Amino acid sequence: MAKKTAVIDLGSNSIRMVIFERTSRYGFYICSEYKKKVRLGENAYNNNKILQNEAMYKAEQTLAFFKEKVLKEKCAKIIAVGTSALRDAPNSKEFIKRISQNIALNIRCINGKTESFLGGLAALNLLSNIQNATTIDIGGGSTELCLIKDGKIVDCLSLDIGTVRLKELFYDQKKFSALNNFIQEILLQVPKKFQNDNIIAIGGSLRAISNSIMKKNSYPLKMLHNFCYEVEKEKNHIEKILNAKNLIDFSIKKDRFDTIKEGCAIFLALLKNLKAKQVITSTVGVREGVFLSNIFNKHEKIKEDTSDFTKFNAKFPPNFNPSLKSLQDRFNTNYPSKCAYFANKIFESLKPLHKIENLYKANLLDAAKISLIGERLNFYFSNEHSSYMALNGLNFGYSHKDLALISTLLKLGGKKFNPYSIEHFKNLLPHTHIISWLNFILALAKRLAKDTNENLEFELKNHTLYIYCDKKNIYFSKEEIKKIAKPKLIVLAFNQKAQ
């Protein structure tokens, strides 16, 4: 198993490299990321798509720098893929040969459908519970659409329209009257089956738009991945960016100033064409797709056959999350502990009282699995450490509501809480009744797991939770258990199991 894998994506606008570290078969995290705005496709689209010498030189220098980083980080594998600018260029083979000879780096030029599939594969596995959606990945030279139905990729499409392409062909030459006709002609290539309520936004331009919307709305989490918004509510804001004279007012980074309007024009046209209602932001794309195809053992097959992507669909095992597993692996929280086991038992025993839906139980159990992670940093304030590590380490597969609840439960640690203390997450958290019960259940399970690895049984009788154990002289920190904030009308009692 290659512990560290570097994936390089040569786009028309930027060259990016991500270094992934595997902690187990499917557990992984991103340990480094590099980006250089090289503009490999610069001046190519108005010069018969030929890669220009200056752009190729800058790309070679960047790739040499990336190769040095790969060697320093001791990566066991490096995979480099080229997208639109490279596949469009008549002189792409000469450039690829040049890089191979000068840097000893092999670049594979992927076709548009493969690029679309890889972005869809990443979104499907690393966003939260995607069943039906269409991905939109706007790059510098092309835009990819991937259709997901019933949790599977069913079709892929690549369109010859991108931010750098529009900039050079229309914006730089001020041919605005022809721009709309060009976009509409391209949209005729999109089959109606790609229409979808849910759109997954991939790529730097769409991330910049989402970031602008988050800032405008004072969103409580500084986290783009899985950020959602309604098209009808935010369409006007995107149009304002498109027509803005001063982009600083919209929290757009300066390195996006020259292509963000082109991105908005493409995005707005596609949202209308696809009849979209909701946008889900994805910070994962081709690079993560390449990595996943590699760990799912699909990478070599995808290289050989691109005719039918439905047979390459691959997902993590049921109820598996790579970020959760990575945290468990790295911080040794896999040692025998029955915190999650006890939490499940207590939750089920108390159902007649709390009446909480099962959908919250998954968050409770995941919090239980990493409830001791903060102690790996420092015993003191360990609850705060656990909360922070969960919020910033559970990068993939969790919605923002999931993350807010898990981190809140870990931070509370069984203490009585004032609703005002969680006011900043108010719109992401469930009712305080649910939080109170889950807080109690997690804290009790954690305390019991610290005291014993014995099998315990739980039974609710007349608002009293009886805890039964096999051994007569087993020790329980009853003074610590008494400190746990209990919901009203619940009493705890310990008994030995009847022989």
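## Surface, fold and salt bridges of a predicted model

The protein chain exposes about 23,200 Å², of which carbon and sulfur atoms supply 48%; accessible areas come from the Shrake-Rupley method with a 1.4 Å probe, and for residues only the protein chains shown count as cover. The model is predicted: local features need pLDDT of at least 70, side-chain atom pairs count only at pLDDT 80 or more, and totals for chains, interfaces and linings use all residues. Residues are numbered from 1 along each chain as its sequence is written, and side-chain values use heavy atoms, with hydrogens and water left out.

**Overall fold.** There are 19 helices and 14 strands in the protein chain; helices (H or I, at least four residues) and strands (E, at least two) are DSSP runs, numbered from the N terminus. The radius of gyration of the protein chain is 26 Å, close to the 23 Å that the globule rule gives for 499 residues, so the chain is as compact as a globular protein of that length. This radius is taken over C-alpha atoms, and the rule is 2.2 Å times the number of residues to the power 0.38. The C-alpha trace spans about 85 × 50 × 40 Å along its principal axes. Of the 499 residues, 57% count as buried; buried means under 20% relative accessible area, exposed over 50%, and partly exposed in between (1.4 Å probe, protein chains only). Contacts (heavy atoms within 4.5 Å) between residues at least 6 apart in sequence join residues at least 24 apart in 70% of cases.

**Salt bridges.** The structure holds 25 salt bridges, each a side-chain nitrogen of Lys or Arg within 4 Å of a carboxyl oxygen of Asp or Glu. The table gives pairs from among them.

| Pair | N to O distance | Relative accessible area |
|---|---|---|
| Glu144 and Arg87 | 3.2 Å | Glu144 1%, Arg87 22% |
| Glu230 and Lys233 | 4.0 Å | Glu230 43%, Lys233 61% |
| Lys483 and Glu480 | 3.3 Å | Lys483 61%, Glu480 37% |

Glu144 is buried, whereas Arg87 is partly exposed. A network of salt bridges links Lys37, Arg39 and Asp258.

**Nonpolar patch.** Phe379, Tyr380 and Phe381 form a nonpolar surface patch with about 430 Å² of accessible area together. Patches are made of residues with over 30% relative accessible area and no salt bridge, with like charges joined within 9 Å and nonpolar side chains (Val, Leu, Ile, Met, Phe, Trp, Tyr) within 5 Å. Tyr380 sits in the loop between α15 (359-369) and α16 (382-393) and is exposed, at 59% relative accessible area.
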